[in-house]
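Hi,

Here is the structure I promised to pass on to you. Have a look at it first, then read my notes below with the viewer open.

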Amino acid sequence: MSEFVYLYRGGRRAESPAEGEKQMQRWVSWMQDLDAKGHLKERGQPLEGEGKVVRGKGRSVTDGPYPESKDIVGGFSLIEARDLAHAAELAGGCPIFDADGVVEVRPVMKM
Amino acid sequence: MLDEHLFRRESGRIVTALSRIFGLDNIALAEDVAQDVFCRALEVWKLRGVPQNPSAWLMKAAKNRAIDLLRRERTASNCVPELGRLLTSEWTMVPTVNELFSAETIKDDQLRMMFTCCDPRLSEDAQVALTLYLLCGFTIGEIAGAFLSKNSRIEKRIERGKKLLASSKKLFDLADVELASRLSAVHRTLYLLFNEGYHGASRTAVMRTELCREAMRLAALLLENDLVASPPSYALCALMWLHAARLPARLDSRGNLVPLANQDRSRWDARLIERGNDFLDRSASGRELSEYHVEAAIASLHSSARDGGPDWERLLWLYDVLMKIRPSPVTALNRAIALAQKDGPERGIAAIRAIPASEQLASYPFLPAALGELELRAGRADRAREHFQAAAALARNPMERRFLESRAEAAIPV
């Protein structure tokens, strides 16, 4: 088994609590399913939409990270899977796709 | 699994607590904060899972958000005058906010908010809409759906209501001299809310059940405070509980409406009936006989009826009393039906014909439906069918329509 990070990017926020509740229920059952099958190493954390970006030799600080909300990482989880193809397949069940979001699947570098 | 009504229920509590802090003229801010707290909760719970006690989590998040806002503002101008000083000093601010978010205070404040929404300057419809909006966390769309009204109309009604509340700045004080008259307005609002759920126009059974449930939740709050746990408050609860007990039997397995006489009594909720009768016992003190007392007694009579139906003579007497306390065309109709049970269909038909015409009854499907039943019993199937067809044309939801159409079909003579 290898480890992978899921980066959840973008995805519309629910417009009403009722809609958000449905969205969340789908997430919860997806995560439960991953967990039950032994793929969920760490649930991870949701991230605030706002932040700062520090860059360059001058350590210039700007608001960020991205101007485009569809690219913003909204959270991450740590996953265990056989290989990258398997990890990508598992990501297919993520409810973020119902909200036009993206899951970026990145292998954790092995020592 | 998350209770699907969690946000709706907590919204009322959070908006109430926050409007205590920021004042009734800042309800929009309270609503924004509540909305924001919900959205953030969902984002966190998506990944972290739903916490053990989601209500406590939400209340804590709302409280922290309120403290943040107060620190940022650092001014009393956004707060209610009665609390302004306590909320601007760092020493007293956190304990004051903690106190406002304590379970007991929130319960009392919800009660006060209920009385605030039932302002006599607002129409009964507006009071109901505002209560659903501020205390039950219904969206404009949901309220419009429940009352088959346009979103824009409900929105206007609520905006007007909020403006009026803003002018009073603080929640209604239960020590106010107006308490008694406000209390009867509150009873009326909760009664209308419950009725809308029980008989209402909404298309979905789910929505109607929720209206009943919210009315019962708010009515139960009345019983928890000695100032307002009056005999009519108990009677109102009795009435709601006894009716709610019959909800599971009102629809058959295919979702068709089942009239009271044909309901499977084993499906009535015995626990609710017991509570209802208990409330009714407790309502029997004091000198005031409210319409809720009589209606609860009628409901109790039905719920204890055996196969032959209730004691029609006693039922008729109760309807006579109700006609004296609060005459209404619908009550007159129910009285006529009880009379028909006791003295035969012809007497019933005559009594229905004698009800003064009113706008309310002209669109009430159960007036022609009752005539249909009585004509059928009198052996005049053709007339019965015409009445049922007229009734079906007035049906307020698909359930009613299906039921009345099936009665029309059943009335075809063989």
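Let's start in chain B, with a pair of helices. Keep in mind throughout that this is a predicted model. Helix α17 (residues 345–353) of chain B packs against helix α19 (residues 366–377) of chain B at an angle of about 155 degrees, and their axes are 9 Å apart. Angles over 145 degrees count as roughly antiparallel, and α17(B) and α19(B) are therefore roughly antiparallel to each other. The crossing in which α17(B) passes α19(B) is left-handed.

Which residues of α17(B) and α19(B) meet? From α17(B) they are Pro345(B), Gly348(B), Ile349(B) and Ile352(B), and from α19(B) they are Leu367(B), Ala370(B), Leu371(B), Leu374(B) and Arg377(B). Sorted by class, the residues of this contact are seven nonpolar, one polar and one charged.

Helix α20 (residues 381–394) of chain B and helix α21 (residues 398–410) of chain B cross at roughly 165 degrees, and their axes come within 8 Å. That makes α20(B) roughly antiparallel to α21(B). The crossing of α20(B) and α21(B) is left-handed. On the α20(B) side, the contact is made by Arg385(B), Phe388(B), Gln389(B), Ala391(B) and Ala392(B). On the α21(B) side, Arg401(B), Leu404(B), Glu405(B), Arg407(B) and Ala408(B) take part. By class, the contact of α20(B) with α21(B) has five nonpolar, one polar and four charged residues.

Take Leu24(B), which sits in the loop between α1 (6–22) and α2 (27–48) of chain B. Is Leu24(B) buried or exposed? Leu24(B) counts as buried, because it has 22 C-beta neighbours inside 10 Å, and the cut-off for buried is 20 or more. Leaving aside neighbours within four places in sequence, Leu24(B) is in contact with Ser19(B), Leu165(B), Ala166(B), Ser168(B), Lys169(B), Lys170(B) and Leu171(B). Glu196(B) is another story: Leu24(B) and Glu196(B) are 172 residues apart along the chain, and their C-alpha atoms are separated by 27 Å.

The other residue is Arg188(B), in helix α10 (residues 179–199) of chain B. With 17 other C-beta atoms within 10 Å, Arg188(B) is partly exposed. Try the distance tool on Arg188(B) and Gln127(B): they are 61 residues apart in sequence, and 9.6 Å apart in space from C-alpha to C-alpha.

On to chain A. Its secondary structure comes to two helices and six strands, in the pattern β-α-β-β-β-β-α-β along the sequence. The C-alpha atoms of chain A fill a box of roughly 45 × 45 × 20 Å along the principal axes. Of the 111 residues in chain A, 23% are buried. Among contacts in chain A with a separation of 6 or more, 75% are between residues 24 or more positions apart.

The part to look for in chain A is an open sheet of four strands, in the order β2-β5-β1-β6, with antiparallel pairing. β2 and β6 of chain A stand at the edges with a single partner strand each, so one side of each has no neighbour in the sheet. Direction ignored, neighbouring strands of this sheet are turned by 15 degrees against each other on average.

Strand β1 (residues 2–10) of chain A is joined to β5(A) by eight bridges, and the two run antiparallel. β1(A) also pairs with strand β6 (residues 101–107) of chain A, in the antiparallel sense, over seven bridges. Find Tyr8(A) to see both pairings: its bridge partner in β5(A) is Gly75(A), and its partner in β6(A) is Val103(A). Glu3(A) stands opposite Glu80(A) in β5(A). Helix α2 (residues 84–91) of chain A lies across β1, β5 and β6 of chain A, and runs at about 155 degrees to β6(A).

Last, how many residues does each chain give to the contact between A and B? Chain A gives 18 residues and chain B gives 15 residues. On the chain A side, α1 (17–36), β2 (40–46) and β5 (73–81) each supply at least two residues, and the largest share, nine residues, comes from α1(A). By class, this side of chain A has seven nonpolar, eight polar and three charged residues.

Cheers

Note on methods
Residues numbered from 1 in each chain as written. Chains lettered and ligands numbered in written order. Predicted model: local features only at pLDDT ≥ 70, side-chain atom pairs only at ≥ 80, totals over all residues. Contact = placed C-beta atoms within 7 Å. Nonpolar A, V, L, I, M, F, W, Y, C, P; charged D, E, K, R; others polar. Buried ≥ 20, exposed ≤ 12 C-beta atoms within 10 Å, placed from the backbone. Axes fitted to C-alpha atoms, helices over the stretch in contact; angles between N-to-C directions. Parallel < 35°, antiparallel > 145°, perpendicular 65-115°, else oblique. Left-handed = near helix turned anticlockwise from the far one by under 90°. Pairing = 2+ DSSP bridges.
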